[in-house]
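Student: I have a structure to study. Can you walk me through its helices and charged pairs?

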Amino acid sequence: MAEAINFEALLREALTPVEPPADLVERLESTLEVITGLAVDELEAWELRAMRDPRNWVRPAAAIVAGGAAGTALVLLRARRRAIARAELESQRRVPLTREDAERAVRQLSQHARKLFGGR
């Protein structure tokens, strides 16, 4: 008879956690910045006269969707990075997060979003 297959060992080996590369966040952030920039460039190049013909709406609509999604993901990624850094700092100093800290974080996030979406 053939060797008995140990399914539990095979599953354990297949489902072993894998650490992501160290530069994954930086690569993802730069890719999202490029996508957002390309979407902005596409929308800037679009002429209002072309709006009369619905066949010309595809590229600007795709630019809006892609740019909006990439910009939103970029803002969330940076906010998460700040939150992680802040949590590490909090764990070192053992002082609870104050309301002023939370308000400052929200202000910084909104400033970054305005810069990303409206500053170009």
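Tutor: Start with a definition: buried means under 20% relative accessible area, exposed means over 50%, and partly exposed lies in between (1.4 Å probe, protein chains only). This is a predicted model, where local features need pLDDT of at least 70, side-chain atom pairs count only at pLDDT 80 or more, and totals for chains, interfaces and linings use all residues. Residues are numbered from 1 along each chain as its sequence is written, and side-chain values use heavy atoms, with hydrogens and water left out.

Student: Is Glu-8 buried or exposed?

Tutor: Its relative accessibility is 55%. Exposed needs over 50%. So Glu-8 counts as exposed.

Student: Which residue meets Glu-8 in a salt bridge?

Tutor: A salt bridge puts a side-chain nitrogen of Lys or Arg within 4 Å of a carboxyl oxygen of Asp or Glu. Here the N to O distance is 2.7 Å. Both partners lie in helix α1 (residues 7–14), four residues apart; helices are DSSP runs of H or I, at least four residues, numbered from the N terminus. The partner of Glu-8 is Arg-12.

Student: Which residue of helix α3 pairs with Glu-29?

Tutor: Glu-29 sits in helix α2, and its partner is 52 residues away in helix α3 (residues 58–93). Glu-29 is buried, with a relative accessible area of 12%. The salt bridge spans 2.9 Å, N to O, and the partner is Arg-81.

Student: How many salt bridges are there by this rule?

Tutor: One of them joins Arg-59 and Glu-42, at 2.9 Å. Bridges that share partners also join Glu-29, Glu-33, Arg-78 and Arg-81 into one network. The count comes to eight.

Technical notes. Helices (H or I, at least four residues) and strands (E, at least two) are DSSP runs, numbered from the N terminus.
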